[in-house]
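This report is meant for a reader who is new to the structure shown below. It moves through a few selected places, one heading at a time.

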Amino acid sequence: MSGSKKKKVTKAERLKLLQEEEERRLKEEEEARLKYEKEEMERLEIQRIEKEKLNRLEAKDLERKNEELEELYLLERCFPEAEKLKQETRMLSQWKHYIQCDGSPDPSIAQEMNTFISLWKEKTNETFEEVIEKSKVVLNLIEKLKFILLETPPCDLQDKNIIQYQESILQLQELLHLKFNVATEILLRQASTLADLDSGNMEKVIKDENVTLYVWANLKKNPRHRSVRFSETQIGFEIPRILATSDIAVRLLHTHYDHVSALHPVSTPSKEHTSSVTELVKDDVENVEKAISKEVEEESKQQEKQSHLIQEEKLKVEEEQDDIEVKMSSAEEESEAIKCELEMKVLSETVSAGKHWRTDGISNVSYKPNERLITFSLDTFGPVTLIQDAHINMPYQSWELRPLDVNKVLLTVTTVFTEIQIQIKENLCMLSSVKLKDKKHISILEGTWMTPIPFIIALKEAGLNIFPTRYSHFYVVINNKVPLVEVKAYRQMALLSSTFAFGWSKWNLLCNSTKVVFKVREHLPEECTENPNWALLMFSGDRAQRLKIKEESEAFSEALKEETEFHSTLYHMVRDFASKEAMEKVRSSNCQFVNSVCHMLLSTRLLSYS
């Protein structure tokens, strides 16, 4: 039997090995400690250097702050200049109205409006055609009154004037509707002379740019004639058998304006703002709030435009169990081009129940996109309207403001369903294009230049609402920013918009509510737009800085980009990396153009609703 004997380790040798191992461990720990202390000292030294550098930059920023703000103040003089031009335009408009002597009243003068309304009230036996012709003057007066309320600065609009204009609008609306009712009654008195040769019943269609009237009177009382379709139209309805044998008349009044909703009172704008706001910014905030408060008044009306109204003029049957089926074409309605994507809803109104829209009493609703035909059943006759979700386009997915030419920019707002492009030049705006899910959509508004407020109203009426109101945050999840920071950002972006492009940044969601983050770059005509070199700026209203991170970075950081400085304004921030030619263009921008861009930015609130 063979085998190797293991060498026995003595106790002394084992102790020596343990001691050597302990010495190695202590040595490694000491080396690690020294390395950590060295790294910590280096880190602290780097922090100290960075802090000193940051303190120097902050001190430098503070030292030149007054100088930069003074220069910004001189640039922002374009805003009161633009307001002065607006006032001159309003005065010129009043003068032109005065020298025209066309018999129409000045809507801003209560005495003239009262005289106009009283004289029209006294006029009787007007035909429907005569009322339609007069309605053009009335609707024009209502539109002018609304624009006065929206466009006049708060300092020039007293509370008594607001009440006066609101009362005039309401009186005109009520009188116009009354005149249509009386004219319809006069028309029905001639029912026998207007009888259709085939059915023997009265059928009459009167069409105008603002109003289309469809009247049907049951003269023959033939129970087989339950389905009615007006010739050369897609408008029609079906009635129950009990009504087909009754003395009834049906009027379908399709208006391209809202004559049903009551005029909501307009709250006066708040005049309390933070004391640190400069007078220029304060005036702008007041103007914005004024515009928003007036748009609240218009919102329900504009959402309910393009309404189809069905009203029974003479109904002698008290009990009715069957449904009434109504078929209407929406081919003429711009808002319905967006179809199901914009979640259109059919609503009816019960006037006796508090004048509010309701969904009960409507059934069997169907929509045929190819034919653009809506079919539904009603429990009873009454006004019917088509309403779009006011916030279907909010929040936005992204946005970009890009120069096109001298004093001309393109604002692109991308939503879940649509991409809306708006051109702005001088004091005018135009819808450039609309895409629905990447497909080009033709709009009747394309190519039409309008001033900002009428343009905004027109877009809302067309179902392209990208203009939040003061209550929109209750219905939309937003990235809420401090209003004063937003206002300052929009004003300074507008000042730079003739030369610099701005765009949405995902990091704006991650910074707090007191700061905004967006992309910016100098726009060069020969520049390739496929991979533009964007800079990321963060702005708090009082300080602007260029961020070290990029849009493609993995995490958000407020670290300052190397070799850049703090500035008190966006103007001075971009001046650090812009060309002299670009800054010269900024200083020579048209004041009306800058004011219009600012108005659109304030109206869309891109930094909070994206």
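## Strand β18 and its neighbours

Strand β13 (residues 398-405) and strand β18 run antiparallel and are joined by 2 bridges, where strands are DSSP runs of E with at least two residues, helices are runs of H or I with at least four residues, and both are numbered from the N terminus. Two strands count as paired if DSSP finds at least two bridges between them. Within this pairing, leucine 401 has phenylalanine 502 of β18 as its bridge partner. β18 is also joined to strand β19 (residues 516-522), again antiparallel, by 4 bridges, and here alanine 501 stands opposite arginine 521 of β19.

Strand β18, which spans residues 500-503, is covered on both faces, with Phe500 and Phe502 buried on one side and Ala501 and Gly503 buried on the other. Buried means under 20% relative accessible area, exposed means over 50%, and partly exposed lies in between, with a 1.4 Å probe and protein chains only.

## The model and the whole chain

The model is predicted, so that local features need pLDDT of at least 70 and side-chain atom pairs count only at pLDDT 80 or more, while totals for chains, interfaces and linings use all residues. Residues are numbered from 1 along each chain as its sequence is written, and side-chain values use heavy atoms, with hydrogens and water left out.

The chain has 12 helices and 21 strands, and 48% of its 610 residues count as buried. Among contacts between residues at least 6 apart in sequence, 67% join residues at least 24 apart, a contact meaning heavy atoms within 4.5 Å. The accessible surface of the chain comes to about 32,500 Å², and carbon and sulfur atoms account for 50% of that surface; these areas come from the Shrake-Rupley method with a 1.4 Å probe, and for residues only the protein chains shown count as cover.

## Cysteines

Cysteine 429 lies in strand β16, which covers residues 428-436, and counts as buried because its relative accessibility is 0%. Leaving aside residues up to four places away in sequence, cysteine 429 touches several others, including Ile422, Thr448, Trp449, Met450, Phe455 and Met600. Cysteine 429 and methionine 450 are 21 residues apart in sequence, yet their C-alpha atoms are 5.3 Å apart in space.

A disulfide is a covalent bond between the sulfur atoms of two cysteines. With a disulfide taken as a pair of cysteine sulfur atoms within 2.5 Å, the count comes to 0 disulfides. For cysteine 591, the closest cysteine sulfur is that of cysteine 78, and the 6.7 Å between the two sulfurs is too far for a bond. Cysteine 591 is buried, with a relative accessible area of 14%.

## Aromatic rings and charges

The structure holds 6 aromatic pairs, in which rings of Phe, Tyr and Trp (its six-membered ring) have centres within 6.5 Å, with planes under 30 degrees apart counted as stacked, over 60 as edge-to-face and the rest as tilted. One of the pairs is tilted and is formed by tyrosine 214 and phenylalanine 230, at 5.3 Å centre to centre with 50 degrees between the planes. Tyrosine 214 lies in strand β2 (residues 211-217) and phenylalanine 230 in the loop between β3 (227-229) and β4 (236-238), so the pair ties together parts that are 16 residues apart in sequence. Both tyrosine 214 and phenylalanine 230 are buried, and Tyr214, Trp216, Phe230 and Phe237 form one aromatic cluster.

Where do charged ends meet rings? The charged end of arginine 491 sits over the ring of phenylalanine 79, at 4.1 Å from the ring centre, and that of arginine 521 sits over the ring of tryptophan 534, at 4.7 Å from the centre. A charge sits over a ring if NZ of Lys or CZ of Arg is within 6 Å of the ring centre and within 35 degrees of the ring normal.

## Backbone details

Most residues other than glycine have a negative phi, and most peptide bonds are trans. Methionine 394 and proline 395 are joined by a cis peptide bond, with omega about -10 degrees, and proline 395 is placed in the loop between β12 (382-387) and β13.

Asparagine 364 is not a glycine but has a positive phi of about 55 degrees. Asparagine 364 lies in strand β10 (residues 362-368) and is exposed, with a relative accessible area of 58%. Arginine 605, also not a glycine, has a positive phi of about 50 degrees; arginine 605 lies in the segment after α12 (591-604) and counts as buried at 17% relative accessibility.
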